[in-house]
Amino acid sequence: MSALLDVKGLEVAYGGIRAIKGIDFHVNEGELVTLIGANGAGKSSTLRALSGLVKPAGGRVLYRGQDITGTPSHTLVGLGIALCPEGRGVFARLTVHENLLMGAFSRNDDEQIAREVDEIYTMIPRLKERTRQLAGTLSGGEQQMLAIGRAMLARPRLLMLDEPSMGLAPLMVEKIFEIIDLIAKRGTTILLIEQNAQLALENAHRGYVLESGEIILAADSKSLLADPRVKEAYLGG
Amino acid sequence: MSMEVLLQQIVNGLVVGSVYALVALGYTMVYGILQLINFAHGDIVMIGALTALFTASALLGAGVPPILALVISIFVAMLVCAVIGVATERLAYRPLRNAPRLAPLITAIGVSILLQQIAILVFGRNYFSFPELISKTPIALGVVTITLNEIIIFFASIALMAGLLWLVHRTKIGTAMRATAENQKVAGLMGIDINRVIAFTFAIGSALGAIAGVMVASNYGQAHYFMGFMLGLKAFTAAVMGGIGNLWGAMIGGLILGLVENVGLIFVRGDYKDIFAFVVLVLVLIFRPQGLIGERVAERA
């Protein structure tokens with residue numbers, strides 16, 4: 001089986017300092033793959049390079065066999081890649097509904113979009129109660145739900161989630177992961193970047209451990225959860 | 001002071017203020033999306049006025065009826081201004097998008113001078129008289145008098161502003177404009193081509209400016225290459241007064257400025273009329289720097 005996303009020797013540098021030192025990983029169609037690591041390990045840099053927000057210093061990114069290295073972010077959406085950014089990035093001065101519609105910006109099938117917006121509301125009822133509210137008035141967890149719903153409206157084949165649990169209360173984190181799980185079960189391929197290694201590995205099929213810009217471990221989630229090095233460094237012993 | 005004089009000045013103020021509001025929208029739209037004070041906007045208005053003036057005169061000379069000449073010349077002016085607006089963004093501002101904010105500001109002043117020089121080359125440095133395309137015979141309306149030209153200026157401005165609000169708040173491209181104004185990176189992630197949205201913003205603002213230019217020139221019956229300077233400063237004042245970046249603020253600021261200026265004329269000689277705009281600007285900056293309808297003015301981190 002060929003990978004949906006295949007990253008080969010990816011390097012990211014900021015002013016001469018290499019944040020990502022040539023990493024390889026792949027995500028197969030239908031998989032939920034997680035990239036875990038401590039703060040500053042290079043998780044977000046990797047995602048930024050994949051989504052066209054920074055130009056990689058080296059390496060290649062293949063999506064469905066096509067080279068998409070350095071493609072600007074607004075073009076990636078049309079190819080079926082959506083990124084739900086770190087810190088959620090909802091448009092605070094747009095309503096919840098307008099935020100969702102912006103997720104579908106590159107599409108023109110208005111009736112189908114309306115149906116999918118309703119599906120999102122069914123999946124995340126909290127958003128439905130707040131349709132006309134400005135997104136800036138939502139709680140952090142609700143904003144994260146909105147950001148995920150918005151990304152789904154691009155109808156991605158590959159959904160990339162950057163630290164969806166960041167800054168949220170445990171109860172809310174659980175809810176967010178329920179939604180992620182649901183999306184994965186419906187067949188969307190997901191690349192999940194997380195600091196909360198325990199939760200990420202419990203939900204993912206496979207995982208990669210990133211440390212100082214390099215991948216130091218790659219295995220299926222069960223083995224990673226059982227791995228003593230992972231236990232010690234990321235799962236609190 | 002008699003009631004008649006006050007009422008008359010209020011009417012005059014609303015007419016002039018509605019034009020200030022149209023120009024102020026151009027400043028505030030660009031500021032909202034790029035945090036740039038586009039000082040060349042006043043000169044776009046001037047180019048619009050002169051383009052329409054020469055187009056209308058040529059059409060009248062060819063025997064075209066005045067109303068048709070007016071409509072055609074407005075469209076030509078809108079097109080010319082939209083193209084110039086988009087071109088200045090592409091050539092002068094976009095290369096500086098990540099530069100310190102002072103750089104594009106100074107560039108904007110440079111573009112302003114450049115546009116004036118181009119106007120001199122193309123049209124000349126004289127005062128040109130704007131043909132009377134709509135009747136300017138005073139009509140008595142109770143105690144005040146007003147011309148048909150003024151009535152049309154006022155209501156056309158209101159209609160254009162309503163149209164703009166509809167565009168920005170009720171359409172997909174308008175929502176994309178607001179999204180881009182708030183967070184360009186995330187807007188890009190949504191599939192929005194932010195360069196196109198920014199170009200569109202300049203096109204709309206400049207086209208509105210062109211119409212405002214035609215209104216001013218027809219109201220005063222003349223146009224010249226330097227007319228955009230004072231008009232631009234006043235419209236900028238109106239935008240700041242309302243709260244720059246805020247569409248409602250620009251509209252209300254424009255109307256208030258027109259009223260202040262014209263009611264103020266009751267108390268001072270006409271030569272000092274321009275003082276009011278700048279007294280208002282200084283007072284607003286001291287007491288309410290975020291503007292009357294203040295949105296966030298905090299610098300972005």
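In chain A, β7(A), α7(A) and β8(A) form a β-α-β unit that is right-handed. The model is predicted. Within this unit, β7(A) and β8(A) run parallel and are joined by five bridges; A:D162 has A:I193 of β8(A) as its bridge partner. Helix α7, residues 170-185 of chain A, packs on the sheet, where it touches β3 (32-36), β7 and β8 (189-194) of chain A. The direction of α7 makes about 155 degrees with that of β8(A).

The sheet is open and has six strands in the order β6-β7-β8-β3-β9-β10 (chain A), with mixed pairing. At its edges stand β6 (81-84) and β10 (214-220) of chain A; each has a single partner strand, so one side of each is left without a neighbour in the sheet. On average, neighbouring strands are turned by 15 degrees against each other, direction ignored.

Five bridges join β3(A) to β8(A), and the two run parallel, with A:T34 opposite A:L192 in β8(A). Six of the six residues of β8(A) are buried, so this strand is largely enclosed by the rest of the structure. Burial applies to both faces: A:T189, A:L191 and A:I193 lie on one side, and A:I190, A:L192 and A:E194 on the other.

Helix α6 (residues 140-152) of chain A lies across β6 and β7 of chain A and runs at about 170 degrees to β6(A).

Conventions: Residues are numbered from 1 along each chain as its sequence is written. Chains are lettered from A and ligands numbered from 1 in the order in which they are written. This is a predicted model: local features need pLDDT of at least 70, side-chain atom pairs count only at pLDDT 80 or more; totals for chains, interfaces and linings use all residues. Two strands pair if DSSP finds at least two bridges between them. Helices (H or I, at least four residues) and strands (E, at least two) are DSSP runs, numbered from the N terminus. Axes are lines fitted to C-alpha atoms, for helices over the stretch in contact, and angles run from 0 to 180 degrees between N-to-C directions. Two residues are in contact if their C-beta atoms, placed from the backbone, lie within 7 Å. A residue is buried if 20 or more other C-beta atoms lie within 10 Å of its own, exposed if 12 or fewer, and partly exposed in between; C-beta atoms are placed from the backbone. A crossover is right-handed if, with the strands pointing away from the viewer, the path from the first strand over the helix to the second runs clockwise.
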